[in-house]
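Keep the 3D view open while you read.

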Amino acid sequence: MPELPEVEILVRQLRAQLRGRKITGIEVRDPKLRLPDSLAGRRIVAVTRRAKHIIIALDDGRYLLVHLRMTGWFEFAPPKRYRLALHAGEVSAYFEDDRRLGEARVVSGEELARVTGKLGAEPLARGFRLKPFTTPRPVKVALLDQTLLAGVGNIYASESLWRARIDPRRPARRLDAGELKRLERAIVAALRKAVAHGLRIFEVQRFAVYDRAEEPCRRCGSRIRRIVQAQRSTYFCPRCQSRRR
DNA sequence: AACGTACCCTGCCGGC
DNA sequence: TGCCGGCAGGGTACGT
C-alpha cells in the first residue's frame, strides 16, 4: 500500500502514540525478522520519516528502521496476524505485513546515514527542486528511482505525469525546463493532496489514472491506457499526455 | 556506470 | 465451491 503519503500519515500516528514512551516489550512473531532484545527498556525519542523509511529514534542513539515495502503497516489494535509487536506501556504497535517483504532492524546512526545518504531529494521538504534527469530511461521509470527522487512510487508516478501532461514513455533527459517545472509541481501537488486526504484516497476518491484503464480521462474523456514499463503498470491518458510537444 | 531481469513473499481476484 | 494463473502500491542482487 504505502508510498510517501501513506508513510507520512502512518508516521504521524506512530509519533502521536509512541513518542516519549518506553518500550516495555517486543514480540517477534516472524523469525525472518531479527531484533535485539536490547530494544526493551529503551525510550522512543522521535518518530520521523525519510522517503518511505520509518525512523524510530531510541534514547541510546540507535534507531529502529522500518520499511513497509508492499504490504507492511502498523496497527494499534492486534490484527489477526502480525510480524512484530512493540509494547510501550498502555500502547502497542503491531507490524502487519502479509507478503513479508517489509523490513525492521535496529541500526546505528552511521548505518542510518548510509541508508538515507543514497536517497534523492525529499519532495515534501521546503525548497524541493526536481533535478534535471540525465538518464535516457522513460521518465516514469526514472521517477521510481529513489536515488533521483525519494518517495514517489508506482501510483504517484503515474498520477504526477498525468497532472503534468507528460507522456510516461518520454526519455527522462529529454524533458525541457518547462516540463520539469510542471512535473516538479505535479509531484508536490499529488503527494500533498494524498497526505491531506489521508488513507481515504484509496477508498473514496480513487486516482486520476492509476488503475483506471479503459475509463475516461477526467480532463479530456479519452480512454486511459495501461502499459507496462520496467515490469510495472503505468497508466496515462494518450491524448492529454501526448508524446510530442 | 547504467541498464534489464530475477527474486523476495503472500493474498486476492477473475476466469473456468 | 475450488483450483489456477496473473497480478500487486517496493527494493535489491545480480548479470551484461
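A residue counts as buried if 20 or more other C-beta atoms lie within 10 Å of its own, as exposed if 12 or fewer do, and as partly exposed in between; the C-beta atoms are placed from the backbone. By that rule, 35% of the 245 residues of chain A are buried.

This is a predicted model: local features need pLDDT of at least 70, side-chain atom pairs count only at pLDDT 80 or more, and totals for chains, interfaces and linings use all residues. Residues are numbered from 1 along each chain as its sequence is written, while chains are lettered from A and ligands numbered from 1 in the order in which they are written.

**Overall build.** Chain A has five helices and 10 strands. Both are DSSP runs, numbered from the N terminus: helices are H or I with at least four residues, strands are E with at least two. The radius of gyration, taken over C-alpha atoms, is 20 Å for chain A, close to the 18 Å of the globule rule (2.2 Å times the number of residues to the power 0.38), so the chain is as compact as a globular protein of 245 residues. Its C-alpha atoms fill a box of roughly 60 × 35 × 30 Å along the principal axes.

**Strand pairs.** Strands of a sheet pair through backbone hydrogen bonds, either parallel or antiparallel. Here, two strands pair if DSSP finds at least two bridges between them.

| Pair | Sense | Bridges |
|---|---|---|
| S1 and S6 (residues 84–88) | antiparallel | four |
| S2 (residues 44–50) and S3 (residues 53–58) | antiparallel | six |

S2 and S3 form a hairpin with two residues between them. Ala51 in this turn has a positive phi of about 55°. Ile44 stands opposite Leu58 in S3.

**The open sheet.** Four strands make an antiparallel open sheet in the order S1-S6-S7-S5. S1 (25–28) and S5 (72–75) stand at the edges with a single partner strand each, so one side of each has no neighbour in the sheet. Ile26 has Leu86 in S6 as its bridge partner. Helix H1 (residues 4–18) packs on this sheet and touches S5, S6 and S7 (91–97). Contact means C-beta atoms, placed from the backbone, within 7 Å.

**Beside the DNA.** Which residues surround DNA strand B? They are Asp98, Arg99, Arg100, Leu101, Thr135, Pro136, Arg137 and Ala230. A residue is near the strand if its C-beta atom, placed from the backbone, lies within 6 Å of it. The residues of this surface divide into three nonpolar, one polar and four charged. Ala, Val, Leu, Ile, Met, Phe, Trp, Tyr, Cys and Pro count as nonpolar, Asp, Glu, Lys and Arg as charged, and the others, Gly among them, as polar.

Conventions: Two residues are in contact if their C-beta atoms, placed from the backbone, lie within 7 Å. Axes are lines fitted to C-alpha atoms, for helices over the stretch in contact, and angles run from 0 to 180 degrees between N-to-C directions.
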